[in-house]
Amino acid sequence: MIKLSQERSIELYRQMLTIRYFEEGVWKVYANSWMPGLAHLYIGEEAVAVGVCAALQPQDTITSTHRGHGHCIAKGGKPNIMMAELMGKANGYCKGKGGSMHIADPALGILGANGIVGGGFGIATGAGLSAKLLGEDRVSVCFFGDGAANEGIFHEAINLAAVWRLPVVYVCENNFYGMTVAQNRAMLLECIADRAVAYGIPGRTVDGNDVLAVMEATAEAVGRARRGEGPTLLECQTYRWGGHHVGDPGTSYRTAEEVNAWKARCPIKRYRKYLVESGRLSEEEADAIEKQVQQEIEEAIEFGRNSPFPPLEELYTDIFVNPIPGSRQ
Amino acid sequence: MREIMYAQAVREALYEEMKRDPRVILLGEDIAYLGGAFKTTEGLYLEFGEERVRDTPISESAIIGTAVGAALTGLRPVAEIMFGDFITNAMDELVNQMAKMRYMSGGKLKVPMVVRTTLGAGRSSAAQHSQSLHAWLAHIPGIKVVVPSTPADAKGLLKAAIRDDDPVVIFDDKMMYKLTGPVPEEDYVLPLGKCFIKREGKDVTVVATSSMVHQALAAADRLAAEGISLEVIDPATLSPLDTETIIRSVMKTNRAIVIDEGYPYYGVNAEMAAVIMEGAFDYLDAPVIRIGAANTPIPFSPALEMPSIPDADDVIEAVKKVMYT
């Protein structure tokens, strides 16, 4: 198993908790109508984002998905700036122009969450191409779901990255449902990583609720990428506890037994147990971290609520880097 | 000035910009060993190597998507989509990714890339290799759409597009690749977003795009013999559009015709007509006439295809109508 310092291993715990409480905060924000629109919550899947990003360097990039809050936090996104973005506020990551599904910050290596299922495949592949051609020590990670594995661009992009040996890791978060349609109603394969064979690249399926297993598998794939050996298809099997988005109870297509069975495999409780049992963290310290994180999220919500909306002039900015003077926009 | 073919002018622009900036790379189908279906990248892989001139699998979505990602992270890709009809295979990447990255990120991301593709019928290539779909992308905010009309403009606009920090899509009329014309040998860069007045005149304004500029100019030559003077305006950049030059011309001539090889409805010519209506309504002495391709899938047989493409005769007929002669 992967060896982590005590400090590092506690940091992973803190990140997973931050994602959990952030998402619970988003639910509260949504229920109180403090945000416009919808959001897709990551509760239950925290070990994937945290485990993957723990194996990355700051210069490495990610593309994220509609269910992207966890990826952003794990890659260094600040909950308060994210919350402001979700609320459509001017000091959010994208000045309130992107919202929940489009958080981006190149300084953190976040090349954007994406509202299009499979929207990150091409972008992540291109980031791999630039790393290779510019000679930069930079790996590109593409997060996507089991649903996106049935988009055409999945095939086109992974094949291209394979044939060009690009430093990309395609991370499938298999939560077994593409919106409401179960995986076994959308494909005959049990393991999406088996599709790697079609591209002549390694594929691996891991327990996505085991943060250290995810980290270890990612580190192996990232190592391959950095050594110029090309892309890997990594499947992390996990589960979203809630519905597809905050407005979907998620009950019409899943049984309570199934949901409860996955809740019993909570990635955070499991990791906490490991930390305590291995003597890295006491119960009291774990509780204290939980309180700190809760406090941080409460402050993030307040920050968002107290932030201004963008001024109307922002409607027409950021369409082009170089708007053309005198021409009609 | 030395004269070269349109395809050579495109190649020259690519060559010069690749020499100038190592971040410029090319990717597309059959652009390396073959040199492109229309010879616009001939031999470039020998000059710059296969790392920078990349033959791709036949995967239009991946070509555009990869270019977007590469542009976000430090390269300046020029992606080629062999036939304009094939942009339909890559519409998500063009419309939802390339065009919107900057806006959705509140200005944090930029996408300095060029897509080169084609438009135009006339080669008996039938309905899936002959369409002029430039209006599809001109409809989307966040994309600069360029339709050069001469070899010189092709060079100057492509060089400008490669240096621009925004996504630019250039549609070349494939029927013009062998068109010869004077092209400056030096570092020739034209401004994006400006109309070019191709011929000054006083009686009727003809707004013409891409190869239709030549149909308009041919009509102008023929009508000059009858004492009718056409002003031919080439928008060159469809989006964002230099509306001022068009409106100013119509204020002078009081009559306007729009000709574009796209379909006649909901397209470029409809937009140009609306611009004229909005900007020069009180100056018009006749309704604006728009001329486009026949509103049909493009037929294979030359007996049907050639009449489906707008030409100088259509311009002359329209001129007579707007002049009530």
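## Strand pairing and helix packing

Q: Hi! In which sense do strand 10 and strand 11 of chain B pair, and over how many bridges?
A: Strand 10 (residues 204-208) and strand 11 (residues 230-234) of chain B pair in the parallel sense over 4 bridges. Pairing needs at least two DSSP bridges between the strands; strands (E, at least two residues) and helices (H or I, at least four) are DSSP runs numbered from the N terminus. This is a predicted model, where local features need pLDDT of at least 70 and side-chain atom pairs pLDDT 80 or more, while totals for chains, interfaces and linings use all residues. Residues are numbered from 1 along each chain as its sequence is written, with chains lettered from A and ligands numbered from 1 in the order written.

Q: What stands opposite Val207(B)?
A: Ile233(B), in strand 11 of chain B.

Q: Switching to chain A: how do helix 1 and helix 10 of chain A pack?
A: Helix 1 (residues 6-31) and helix 10 (residues 267-277) of chain A pack at about 155°, axes 10 Å apart. These two helices of chain A are therefore roughly antiparallel (over 145 degrees; under 35 is roughly parallel, 65 to 115 roughly perpendicular, the rest oblique).

Q: Which residues of helix 1 and helix 10 of chain A meet?
A: Among them are Tyr13(A) and Leu17(A) from helix 1 of chain A, and Tyr271(A) and Leu275(A) from helix 10 of chain A.

Q: What about helix 4 and helix 11 of chain A?
A: The axes of helix 4 (residues 79-86) and helix 11 (residues 283-306) of chain A come within 8 Å and cross at roughly 40°. Helix 4 and helix 11 of chain A are therefore oblique to each other. Met83(A) of helix 4 and Ile297(A) of helix 11 are among the contact residues.

Q: Last one: how many residues does each chain give to the contact between chains A and B?
A: Chain A gives 42 residues and chain B 44, where contact means C-beta atoms, placed from the backbone, within 7 Å. On the chain A side, the largest share, 11 residues, comes from helix 5 of chain A.

Methods: Contact = placed C-beta atoms within 7 Å. Axes fitted to C-alpha atoms, helices over the stretch in contact; angles between N-to-C directions.
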